[in-house]
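Morning, everyone. Here is the model I promised to walk through. Have a look at the screen, then I'll start.

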Amino acid sequence: MNNRFDVIVIGGGAAGLMAASSASKRGLKTALIEGNKNLGKKILISGGGRCNFTNLFATPNNFKSSNIHFHKSALKRYSPYDFLDLVEKYKVSYVEKAAGQLFCKVSAREIVNLLEKECLSGGVEIFLNCKAHSISKNEEFSILTTLGEFTARNLIIATGGLPIPTIGGTDFGLKIAKSFGHKIVEPSPALVPFKLNESLLKKTKALSGLSLKVKISNDEISFLEDILFTHKGLSGPGILQISLYWNPGESISIDLLPELEIEDILRFKKRHPKKSFDSYLKMSLPKKFVEFWCQFQEISLSMNFADYTNEELVKIMTNVKCFSVKPVGTEGYRKAEVMKGGVSTDEVSSKSMESRLVKGLYFIGEVMDVTGELGGFNFQWAWASGNAAGQSVI
Ligand SMILES: Cc1cc2nc3c(=O)[nH]c(=O)nc-3n(C[C@H](O)[C@H](O)[C@H](O)COP(=O)(O)OP(=O)(O)OC[C@H]3O[C@@H](n4cnc5c(N)ncnc54)[C@H](O)[C@@H]3O)c2cc1C
């Protein structure tokens with residue numbers, strides 16, 4: 001077997017498949033090596049098996065990175081509509097769920113199949129059950145794998161991040177980057193449920209399974225989304241979103257009645273002086289939750305509106321709109337959808353994804369310090385960064 005290539009891509013996930021197909025179509029002899037026995041395992045489990053493969057409204061603001069400008073160029077050159085063209089070319093039926101979020105109608109398998117077909121049509125040689133162990137560079141890159149040695153002029157690292165170790169989540173890409181002198185932005189789990197401390201958990205346990213539509217915020221950002229009480233703490237789209245912007249030790253603020261202003265309560269008092277505050281809350285929030293919530297309030301909430309001063313009502317309503325929760329941590333990489341942090345953008349070209357330190361070395365996808373919010377943004381980054389590298393290798 002001749003294991004010498006123009007381009008080797010390590011990692012047969014979203015970014016690697018895209019990069020390999022783009023490079024091969026430019027006439028480059030390309031190999032894709034994947035440690036698992038199948039391609040795209042993460043794609044297969046994504047979006048509940050239906051893969052939220054892009055978001056039509058993706059903008060650079062939907063991504064977190066130490067350099068907020070880094071991802072702009074690649075995202076501009078490969079838009080959600082470019083990936084949609086591919087989806088339509090293969091007649092994969094899809095559906096738009098929440099604003100802009102496109103999911104497969106039938107199965108995420110169709111996305112893996114179309115990417116594999118794109119690779120094979122360009123002549124990519126795919127090696128499965130082929131785990132890279134170590135990499136060195138003299139004239140060319142030498143990659144030692146479970147299937148022997150491979151050499152190439154260009155090496156694209158598309159090994160993803162640490163989440164879901166059971167299907168290939170690894171720090172391999174970070175270690176390789178470090179060994180070639182790249183800085184790493186401290187990685188941590190993101191798009192991940194929060195854990196609560198034992199004493200709060202005792203009180204929230206009865207709420208397990210309950211979801212609320214709230215506005216959830218920290219100093220950086222707000223999301224109007226559902227949150228879900230779990231037996232370990234908090235989850236749901238709102239929690240996953242804010243986890244991307246959360247740092248250990250910080251509190252998050254939950255507005256339980258986001259459609260109301262604090263002053264609305266005074267107008268309500270005038271119209272309904274005989275109504276009790278807790279029954280007012282129960283009009284918008286589940287009874288079980290209101291009973292839980294009332295335990296934390298200094299002022300009893302069972303009195304009628306007429307019996308509160310305006311100042312008291314404003315204070316109670318301020319608490320309703322600013323329920324502060326301090327998670328003790330996250331559920332970690334086992335439950336995280338992505339890793340935030342990763343290979344620092346400082347030493348990588350935003351146009352080509354090529355290392356500024358080592359000629360011919362590229363980093364794409366989740367291994368980079370670019371992380372998208374929930375809603376199809378992470379795959380869009382995988383496609384865009386994979387395309388940028390695949391179009392640039394020579
Ligand atoms: C449960 C879940 C649901 C998700 N749902 C969505 C969604 O609906 N929409 C969305 O946009 N994002 C979603 N994501 C995030 C998305 O899956 C990732 O951002 C994306 O897969 C990253 O692509 P990647 O190619 O960079 O890495 P990966 O997809 O992780 O691929 C990396 C590949 O490299 C291989 N590899 C690693 N090390 C080696 C080695 N040494 N040798 C050989 N091969 C190696 C791994 O086996 C893996 O196949 C979800 C994530 C999870 C965990």
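**Overall picture**

Ground rules next. This is a predicted model: local features need pLDDT of at least 70, side-chain atom pairs count only at pLDDT 80 or more, and totals for chains, interfaces and linings use all residues. Residues are numbered from 1 along each chain as its sequence is written, and side-chain values use heavy atoms, with hydrogens and water left out.

Now the dimensions. Along the principal axes, the C-alpha atoms fill a box of roughly 85 × 40 × 35 Å. The protein has 13 helices and 21 strands. Those are DSSP runs, numbered from the N terminus: helices are H or I with at least four residues, strands are E with at least two. Next, contacts, meaning heavy atoms within 4.5 Å. Take those between residues at least 6 apart in sequence: 72% of them join residues at least 24 apart.

**Domains**

How is the protein divided? Domain 1 is 4–188 + 339–392, and domain 2 is 194–330. These bounds come from an automatic or database domain assignment. The C-alpha centres of the two domains lie 39 Å apart. At the interface, seven residues of domain 1 are in contact with 11 residues of domain 2.

Look at Lys195. Lys195 sits in strand β12, residues 194–195. Its relative accessibility is 36%, so Lys195 counts as partly exposed. Setting aside neighbours within four places in sequence, Lys195 contacts Lys232, Pro327, Val328, Gly329, Thr330 and Glu331. Thr230 is 35 residues from Lys195 along the chain, and their C-alpha atoms are separated by 9.0 Å.

**Helices**

Start with α1, residues 14–24. How many of its residues are buried? The count is 11 of 11. Among them are Leu17, Met18 and Ser22.

Now a helix pair. Two packed helices are described by the angle between their axes and the distance between the axes. Helix α4 (residues 80–89) and helix α5 (residues 109–121) pack at about 95°, with axes 10 Å apart. The axes are lines fitted to C-alpha atoms, for helices over the stretch in contact, and angles run from 0 to 180 degrees between N-to-C directions. So α4 and α5 are roughly perpendicular. On that scale, under 35 degrees is roughly parallel, over 145 roughly antiparallel, 65 to 115 roughly perpendicular, and the rest oblique. On the α4 side, the contact uses Phe83, Leu86, Val87 and Lys89; on the α5 side, Ile111, Leu114, Leu115 and Glu118. By class, that contact has six nonpolar, no polar and two charged residues. Nonpolar here is Ala, Val, Leu, Ile, Met, Phe, Trp, Tyr, Cys and Pro; charged is Asp, Glu, Lys and Arg; the others, Gly among them, are polar.

**Cysteines**

How many disulfides are found in the whole structure? The criterion is a pair of cysteine sulfur atoms within 2.5 Å. Cys104 is in no disulfide: the nearest cysteine sulfur, in Cys51, is 5.3 Å away. Cys104 is buried, at 1% relative accessible area. What about Cys130? Its closest cysteine sulfur is in Cys119, 15 Å away, and that is too far for a bond. Cys130 is also buried, with a relative accessible area of 1%.

Most residues other than glycine have a negative phi. Two cases to look at here. Ile164 has phi near 50°, a positive value. Ile164 is in the loop between β10 (148–157) and α6 (172–179). With a relative accessible area of 19%, Ile164 is buried.

Then Met353, with phi near 70°, also positive. Where is Met353? In the loop between β19 (338–343) and β20 (361–363). Met353 is buried, with a relative accessible area of 0%. Beyond neighbours within four places in sequence, Met353 has contacts including Phe70, Ala74, Tyr362, Trp381 and Ala389. Phe150 is 203 residues from Met353 along the chain, with 22 Å between their C-alpha atoms.

That's the tour.

How values were computed. Buried means under 20% relative accessible area, exposed over 50%, partly exposed in between (1.4 Å probe, protein chains only).
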